[in-house]
Amino acid sequence: MRRALLLALLAAALAFPAAVTLPFPRHVLIMIFLYGSLAVAWNILAGYCGQISLGHAAFFGVGAYTSTLLVARAGLSPWVGMAAGAALAVLFSQAIAFPVFRLRGHYFAIATIAVGEIVQTLVINWDWAGGARGVFVPIKRPDSLWNFQFHESKALYYYVALGLLLLGLGVTRWLERSRHGYYFRAVREDQDAAASLGVNVAREKHRAIAVSAALTALGGTFYAQYIFFIDPESVLPLSLSILICLVAVLGGVGTLWGPVVGAAVLVPLSEYTRVWLGGTGKALDLVIYGALIMLISVLQPAGLVGLARHLRRGTRA
Amino acid sequence: MSRLLAIVLALTLAVPALAAAQPREVVLGVVYPMSGPAAQAGVDNKAVFEIAAELANGTADLPFPFYQRLKGMPGLKGAKVRLIFADHQGKPDVGQAEAERLITQEKVTALVGSWHSAVTATMSQVAERHGVPFMNPESSSPGLTRRGFKWFFRTSPHDEHFTQVMFDFFRDFEKKRGVKLKTLGITYEDTLFGADSGKVMRELAKKHGYEVVLDIQYRAKSTSLQSEVQRLKGANPDVWMPTSYQTDAILFTRTMKELDYNPKMIMTQDAGHISPDFIAAAGKDAEGTMSRAPFSTDLIGKRPVAQALNALYSKRAGKDLYDFPARAFTGMMTLLDAINRAGSTAPAAIQKALIATSIPGDQLIMTWDGIKFDETGQNTLVKGIILQLLGGKYHTVYPFDVATRDVLYPVPAWKDRK
Amino acid sequence: MEIVNFAHGEFLMVAMYVAFFAWALAGLDPLLALPLAVAALAALGWATYHGLIRWVLGGPMLAQIFATFGLAVFLRAGAQFLWGVDFRVVQDPWLGGRVALGPVFVGLPQLAASAAALVAFLGLWRFLARTETGVALQATAQDRQAAALMGIDTDRMYALGWALGSACVGVAGALLAMYFYVFPDVGGTFALIAYVTVALGGFGNVPATLVAGVVVGLVEVFAGLLLAPAIKYAVVFLLYLAVVLARPQGLFGRW
């Protein structure tokens with residue numbers, strides 16, 4: 001039954017661009033897939049391995065900047081840039097993992113904020129990388145997959161974004177079932193107990209952050225090729241890190257589908273409250289957005305997936 | 001989850017269906033920051049845009065030939081102008097999404113926006129892609145008209161124009177007063193606006209032979225600017241040239257007072273230093289601050305057109321016309337005039353009409369020579385003026401032939417003020 | 001209590017608005033409005049606990065982040081909705097201008113703010129260490145279940161903790177309103193530095209926060225002066241990372 005539902009959902013997702021040709025709804029879905037995949041990536045480190053990172057935008061930015069600079073300055077294909085971005089993000093994650101993983105709880109969270117802020121400040125003051133003025137992705141016509149630019153229609157962006165999300169979900173699923181998935185969860189539940197049982201805690205954490213960073217960086221490259229402009233304010237800010245975390249939390253941290261559900265609710269919510277109420281200058285849409293977030297967090301702290309499980313358990317009993 | 005999807009789909013399809021049922025009208029998409037730190041620009045501009053639409057629809061009146069010509073939009077047989085306002089929240093990706101939504105779902109005839117240069121960049125890209133005219137009344141990054149776009153039009157001067165006026169002023173002022181200005185200290189905030197401004201200042205300083213003794217890019221919205229002002233004090237330039245938005249401008253002024261920094265001349269890059277907020281919050285202490293501007297409130301009395309508009313604007317917005325809404329109005333009216341002359345809502349016709357725009361300076365509320373676009377879409381008849389904050393209000397001090405007051409130099413030291 | 005309040009900056013903003021409106025509507029100098037701001041914020045903190053935090057205590061740490069983040073967005077947007085985006089500034093506060101301490105000029109409002117902050121801190125410390133309620137509060141923070149076993153009403157203690165913390169923010173807001181501009185987004189930058197400062201000093205240790213505050217302030221100014229103003233905050237963050245590398249619970253942290 002569950003499998004049938006998932007297959008139907010996948011079929012609907014694949015068919016959507018054929019059914020709906022207006023760009024805005026496609027854009028909303030692309031954003032759902034993008035934020036969903038970022039939250040899925042974050043979930044691997046935070047949900048499964050228990051390390052709450054509030055600086056994930058740094059990996060996103062590394063991905064975006066690496067590919068964009070390679071495209072703009074060296075004329076390489078964005079796919080090459082994407083791979084380079086992911087590789088750099090992994091290296092970067094390992095570098096910060098050494099000092100930062102010794103910390104626990106809030107100290108760790110604030111350390112991740114600190115890293116994110118340092119990276120943002122660095123890029124703002126790095127003229128070669130565009131500094132505060134950002135970098136434009138050079139427009140190349142006609143549309144081409146090799147150049148990863150589509151101007152006529154969003155359909156291919158849609159499928160790439162969906163692909164990224166499915167990739168993230170696939171990796172998560174594989175990890176869930178693998179040996180490492182169990183190690184991750186052991187580290188999350190009780191780091192010391194896991195260590196005493198012979199789990200190499202440091203290595204597992206490093207592994208988790210490497211995977212998480214790589215997947216996040218892929219999203220960064222996608223964003224750059226979709227918006228054609230990146231600057232520190234749009235790809236490296238603390239607010240983005242918080243948003244990624246929120247999406248996963250809303251849906252249900254540590255579950256496979258949680259981040260997707262979270263994105264499917266938060267993205268349309270923020271897009272449509274802005275569209276319907278944003279033009280007034282009274283920030284009414286943000287008032288509603290904030291109130292809804294509070295309401296949802298109070299009603300079901302374990303996220304929407306937790307809510308679904310709760311309801312299902314209720315009906316079964 | 002799939003049910004949610006269905007609801008989303010239904011809603012997004014319902015909106016255009018409703019829109020299609022309306023009578024003949026000209027729909028324009030107006031995208032500005034309506035929330036966040038720059039929201040004042042959006043809110044104040046909204047008021048003036050509404051007046052512009054009313055002028056076009058004939059429900060408001062400005063008794064001057066240019067505005068009478070498009071009253072009621074005769075070229076379109078009386079089609080009504082309708083504005084759709086949207087909030088880009090200062091984010092380039094949101095601006096892009098809004099531009100796309102307005103073009104493809106609301107079927108707007110043209111877009112107007114968007115204050116932030118970075119957001120204007122992404123939004124105008126969308127417009128270019130769809131072949132929809134994009135009117136930019138105020139973003140000042142020079143690069144915007146250097147992308148080879150065919151659908152992008154900017155009525156206002158950009159950073160290079162503005163900064164050139166500053167250096168023209170230095171040259172003429174030195175001659176007039178027999179003062180020698182040799183060193184400059186430039187501070188700029190770390191977003192596109194500040195970085196662009198800093199770059200232009202550096203280049204022009206070199207070109208005109210001034211020495212930049214201090215060059216600081218600082219963190220926007222800092223909670224303290226002590227170190228920045230300390231450095232200024234140490235470098236002691238002849239002219240301090242800050243580029244800041246409102247919050248930093250206010251903090252700079254207060255910090256200067258605390259640390260007893262007494263620059264002889266302060267030449268700012270508009271934005272924060274021009275805004276009414278800044279004047280209200282720090283006006284007394286900011287005596288002597290100068291700024292480049294395209295428009296000055298004190299010239300309202302000297303320009304009948306501006307005076308007439310201000311009568312309408314001040315009633316609606318509760319404040320006098322100033323730089324931001326003045327530029328916004330000029331841009332919007334230029335667009336409305338082009339649509340009227342085109343006699344149709346077809347994009348190509350409007351583009352042609354825009355290219356052919358020729359509005360004489362005396363019909364504008366601005367002190368420009370008029371509006372005429374070059375092949376990059378930039379208005380070439382712009383003129384900047386220099387204002388100085390005197391007695392809590394900005395007065396025009398340059399060019400000397402339109403000045404309403406003399407330049408106060410040097411700016412009085414803190415110990416000499418009451 | 002192991003909860004990080006992501007709406008802390010917005011609490012500050014509310015306090016500043018209270019002080020501003022006390023001045024704008026009743027002509028009260030921010031120093032006079034201080035008790036008003038304290039009371040208002042204590043009420044806000046208490047209400048936030050009972051209305052929001054209590055319901056997410058049982059959930060994962062993230063739901064708490066989530067709840068207070070929603071509160072932050074709500075307060076910020078609510079302020080814009082109610083009071084608009086214009087910047088408000090208190091004109092001619094009682095404590096204006098500057099004072100010369102030898103060759104150094106110090107802003108009088110800042111001096112007063114520092115003095116008042118010290119007084120507030122000492123008051124808080126004394127309360128926590130010397131009074132019965134204060135000790136009970138600390139006990140609840142250390143071990144909720146043990147405290148409950150000892151007959152302490154932990155729910156009331158938590159509410160009190162929130163009210164006290166928010167009251168301190170009220171002090172800060174009223175003082176800040178003397179020389180800083182007020183607008184809906186003003187809380188953001190302050191809150192970030194505040195989090196790092198507390199973590200640097202060490203959670204659960206109030207005097208440590210004072211020390212950390214002084215350190216952060218000095219580092220910020222000197223980094224701006226000697227290195228470059230653009231990176232002064234980054235230096236503070238680097239300092240934090242350097243410190244916790246050597247001491248994972250901050251300088252004097254208890255947990």
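1. Basis. The model is predicted: local features need pLDDT of at least 70, side-chain atom pairs count only at pLDDT 80 or more, and totals for chains, interfaces and linings use all residues. Residues are numbered from 1 along each chain as its sequence is written, while chains are lettered from A and ligands numbered from 1 in the order in which they are written.

2. Fold of chain A. Chain A has 14 helices and two strands; these are DSSP runs numbered from the N terminus, helices being H or I of at least four residues and strands E of at least two. Its radius of gyration is 20 Å, close to the 20 Å of the globule rule for 317 residues, so chain A is as compact as a globular protein of that length. The radius is taken over C-alpha atoms, and the rule is 2.2 Å times the number of residues to the power 0.38. Along the principal axes, the C-alpha atoms of chain A fill a box of roughly 55 × 45 × 40 Å.

3. Packing of chain A. Buried residues make up 58% of the 317 in chain A; a residue is buried if 20 or more other C-beta atoms, placed from the backbone, lie within 10 Å of its own. Of the contacts in chain A between residues at least 6 apart in sequence, 74% join residues at least 24 apart. Contact here requires C-beta atoms, placed from the backbone, to lie within 7 Å.

4. Domains of chain B. Domain 1 of chain B covers 15-157 + 301-371 and domain 2 covers 160-293 + 385-416, with bounds from an automatic or database domain assignment. Their centres, taken over C-alpha atoms, are 30 Å apart. In the contact, 12 residues of domain 1 of chain B meet 15 residues of domain 2 of chain B.

5. Chain A with chain B. This contact involves 34 residues of chain A and 37 residues of chain B. On the chain A side, helices H1 (2-19), H2 (23-48), H10 (232-235) and H12 (258-277) each supply at least two residues.

6. Chain A with chain C. Here 34 residues of chain A meet 39 residues of chain C. Helices H5 (105-124), H11 (238-251) and H13 (284-299) of chain A each supply at least two residues of the side that touches chain C. The largest share of that side, 10 residues, comes from H13(A).

Terms used: Buried ≥ 20, exposed ≤ 12 C-beta atoms within 10 Å, placed from the backbone. Contact = placed C-beta atoms within 7 Å.
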